[in-house]
2 protein chains.
Amino acid sequence: MPNEQDTISSFLARVEERSRSFIGYPASKDFNYEELFPFLHYNLNNIGDPMSTSHCDMHTREFEQYVLQFFARLFHAPQNDWWGYMTHGGTEGNLYGLFLARELYPGAMVYYSEATHYSMQKNIHLLGMPSIVIRCRQNGEMDYDDLEQIIQHYRHKPAIVIANIGTTMTEAKDHVPMITNILKKYAIRDHYVHCDAALAGPYLALLNHDNFDFRFGADSIAISGHKFIGSPIPCGVVLVKKSNKDRISRSVSYIGSYDATIAGSRNAIAPLFMWYTISKLGKEGLLQRALQGIALADYAIEQLRNVGIEAWKNENALTVVFEKQSKTLCSKWQLASDAEWSHLICMPGVTREQIDDFVADCTMAKKEEEVVLEF
Amino acid sequence: MPNEQDTISSFLARVEERSRSFIGYPASKDFNYEELFPFLHYNLNNIGDPMSTSHCDMHTREFEQYVLQFFARLFHAPQNDWWGYMTHGGTEGNLYGLFLARELYPGAMVYYSEATHYSMQKNIHLLGMPSIVIRCRQNGEMDYDDLEQIIQHYRHKPAIVIANIGTTMTEAKDHVPMITNILKKYAIRDHYVHCDAALAGPYLALLNHDNFDFRFGADSIAISGHKFIGSPIPCGVVLVKKSNKDRISRSVSYIGSYDATIAGSRNAIAPLFMWYTISKLGKEGLLQRALQGIALADYAIEQLRNVGIEAWKNENALTVVFEKQSKTLCSKWQLASDAEWSHLICMPGVTREQIDDFVADCTMAKKEEEVVLEF
């Protein structure tokens with residue numbers, strides 16, 4: 001029976017090896033949080049509301065507040081009317097946004113596009129809300145005509161619209177002003193727009209190419225922390241309007257704090273990770289990372305097209321979409337695929353060498369396929 | 001402006017200092033996961049169902065499966081009919097159990113005692129389920145007469161009963177056979193028992209003092225990993241009957257895996273932590289830790305009583321309940337309190353010296369109070 005040390009070293013070697021071909025999922029790879037590892041010797045827990053105090057001092061709330069403040073500014077949250085917390089990932093942030101919307105507008109209809117992440121449907125089901133799926137355009141963006149048509153039919157109901165700021169498969173962005181214009185046109189005053197900005201939210205805002213933030217009509221925004229910022233443990237941020245949130249809080253004497261979060265006990269290490277990267281790189285450093293990723297994605301498209309593989313991407317996207325590749329290739333490069341397409345994502349830390357190696361593999365697979373067809 | 005390194009070292013010193021008086025919350029302190037820190041350089045994520053395979057290889061599912069298997073055996077889950085996953089904490093496990101129960105029995109009434117953790121009410125509200133709060137006995141255990149009285153009134157509805165296996169304040173245990181007997185007596189066939197065993201589940205089972213597991217009528221059990229096992233990051237385990245779970249799964253092509261979890265993206269480091277402790281200590285080592293904690297709790301009661309402070313505990317509990325202490329003392333020792341009582345918890349890693357120091361502080365505070373009263 002191998003002891004723990006042997007198991008650890010052989011598993012670590014495997015992880016290291018597989019990380020070299022990890023270009024199919026949206027996770028930045030350029031972090032190093034070694035300096036923060038000593039905190040993993042303690043029982044840290046950010047249970048409850050990050051903005052309030054507690055009897056329990058084993059937390060990292062100051063760091064969490066720093067992270068929240070950073071994103072509140074980045075997304076132009078109303079200055080004295082925002083609240084948020086660090087979640088265990090994008091799904092929890094989306095669940096929180098939806099929950100808040102349901103509390104504000106009971107009986108509302110939820111609208112979301114067919115390119116929406118599958119977890120949204122799970123969340124909607126959990127919350128027991130009625131919903132309608134909206135068609136997508138070819139690039140994965142919501143079909144606003146379809147949205148308008150359907151909203152016309154349900155003018156008697158409050159409307160909750162989910163906007164995708166970077167869909168899972170093609171990184172398409174739904175246009176929040178287009179959505180709010182439709183809501184305005186049909187005089188649907190009781191409405192709520194939640195942005196699932198898990199992937200693209202942070203860098204679109206850094207690029208000043210956001211048209212989804214609080215200025216444009218978002219009532220809440222959820223992002224992932226382990227995607228663009230980078231973290232070895234999934235985490236996220238959800239931001240909402242404080243006045244809305246205050247309606248669903250609940251005072252609890254046990255932790256000496258108001259708990260408005262879904263999770264209760266919360267990872268207190270992730271806020272340190274987020275703080276570290278944001279503080280080290282600053283807005284400018286983060287922006288440069290985004291620009292490098294976009295440039296690398298353009299490069300990948302060029303290389304794929306050069307070898308005769310159809311490839312494309314949405315504007316400002318890190319996600320490169322291309323003809324679905326073979327099972328072997330998808331497995332080696334850990335590529336996510338749907339019926340028609342595969343994709344790779346040029347997250348910070350993905351290198352030009354990896355793209356070259358991948359394209360070389362595609363070329364070889366294509367040649368083998370042609371040989372087979374010739375026979 | 002301090003740089004990141006200065007901020008880290010001063011914060012680390014503060015955490016170290018505050019950890020010395022951390023006896024009020026249920027978190028084991030005797031872990032050292034240093035050997036596993038190298039994994040924090042990678043993008044690990046246990047997204048989706050831990051039992052299935054995925055295109056994405058950056059996960060620790062084997063370790064998660066080991067942990068699940070360990071607890072499935074410990075809690076006598078039906079051999080070929082169990083399923084589970086590692087959650088981000090007790091709350092998510094309870095939410096999953098409740099969700100499953102709601103799907104199986106739409107329109108059911110949820111019964112839970114007034115000593116139930118506040119997050120349960122939050123979960124019930126999230127899921128939009130009707131519920132009734134049951135009175136408690138003085139020790140924090142459910143008043144079964146009250147449960148019986150109320151269930152009589154609602155015989156026409158399926159029943160979902162939450163059993164607390166270690167309440168937050170007094171670590172009281174609800175008796176699952178008593179609950180199932182009541183359900184049987186009134187012939188409520190459509191019933192579901194979920195055990196919130198966050199705190200006490202693991203060691204009660206190790207002590208062979210469990211009367212809450214699958215053999216006794218539990219349909220699902222949720223535990224915390226950062227409590228008795230110990231982890232610097234909140235985590236947990238939820239176990240259910242596989243046949244029940246299969247009814248709420250959903251296939252998703254994106255991650256090449258069935259996702260039946262609430263969270264979606266999941267912490268893949270926590271399973272390594274859990275595996276490490278379980279594998280290193282084994283059942284016997286874990287049992288010894290529990291026995292030491294119980295002995296220390298007995299010692300704490302003796303010491304508190306010696307200085308004239310009323311103190312008591314439930315059977316097999318690590319939680320010592322005593323007269324509510326002053327704000328200063330609660331703040332220094334990070335004690336959770338309700339209107340009447342404070343408590344400390346003799347989790348693995350709490351030392352006799354800490355108990356002695358705490359009792360000395362209590363004695364001093366008591367004397368000061370007496371001096372004030374004399375004047």
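In this predicted model, the axes of helix H5 (residues 144–153) of chain A and helix H6 (residues 176–185) of chain A come within 10 Å of each other and cross at roughly 25°. Angles under 35 degrees count as roughly parallel, and H5(A) is therefore roughly parallel to H6(A). The crossing of H5(A) and H6(A) is right-handed. On the side of H5(A), the residues in contact are A:Tyr144, A:Leu147, A:Glu148 and A:Ile151; they meet A:Met178, A:Ile179, A:Ile182, A:Leu183 and A:Lys185 in H6(A). Sorted by class, this contact of H5(A) with H6(A) holds 7 nonpolar and 2 charged residues, and no polar ones.

Chain B contains a corresponding pair of helices. Helix H5 (residues 144–153) of chain B and helix H6 (residues 176–185) of chain B have axes that come within 10 Å and cross at roughly 25°. H5(B) and H6(B) are therefore roughly parallel to each other, and their crossing is right-handed. From H5(B), the contact draws on B:Tyr144, B:Leu147, B:Glu148 and B:Ile151, while H6(B) supplies B:Met178, B:Ile179, B:Ile182, B:Leu183 and B:Lys185. The contact of H5(B) with H6(B) comprises 7 nonpolar residues, 2 charged residues and no polar residues.

| Helix pair | Axes come within | Crossing angle |
|---|---|---|
| H5(A) and H6(A) | 10 Å | roughly 25° |
| H5(B) and H6(B) | 10 Å | roughly 25° |

The relation between the chains can also be described. Chain A is superposed on chain B by a rotation of 180° with 0.0 Å of shift along its axis, and the RMSD is 0.0 Å. That is the relation of a two-fold axis. Within chain A, A:Leu127 has the C-alpha nearest the axis, at 2.7 Å from it. Because 100% of the interface residues of chain A are also interface residues in chain B, the copies meet through the same surface.

In chain B, 7 strands form an open sheet with mixed pairing, in the order E1-E7-E6-E5-E4-E2-E3. Strand E1 (82–87) and strand E3 (131–134) of chain B are the edge strands, each pairing on one side only. On average, neighbouring strands of this sheet are turned by 15° against each other, direction ignored. Strand E4 (residues 159–164) of chain B runs parallel to strand E5 (residues 191–196) of chain B, and 6 bridges join them. B:Val161 stands opposite B:Val193 in E5(B). Helix H4 (residues 118–127) of chain B lies across strand E2 (109–113), E3, E4 and E5 of chain B, and runs at about 170° to E2(B).

Technical notes: Residues numbered from 1 in each chain as written. Chains lettered and ligands numbered in written order. Predicted model: local features only at pLDDT ≥ 70, side-chain atom pairs only at ≥ 80, totals over all residues. Heavy atoms only, no water. Pairing = 2+ DSSP bridges. Helix = DSSP H or I, 4+ residues; strand = E, 2+ residues; numbered from the N terminus. Axes fitted to C-alpha atoms, helices over the stretch in contact; angles between N-to-C directions. Contact = heavy atoms within 4.5 Å. Parallel < 35°, antiparallel > 145°, perpendicular 65-115°, else oblique. Left-handed = near helix turned anticlockwise from the far one by under 90°. Nonpolar A, V, L, I, M, F, W, Y, C, P; charged D, E, K, R; others polar. Least-squares fit on C-alpha atoms with pLDDT ≥ 70 in both.
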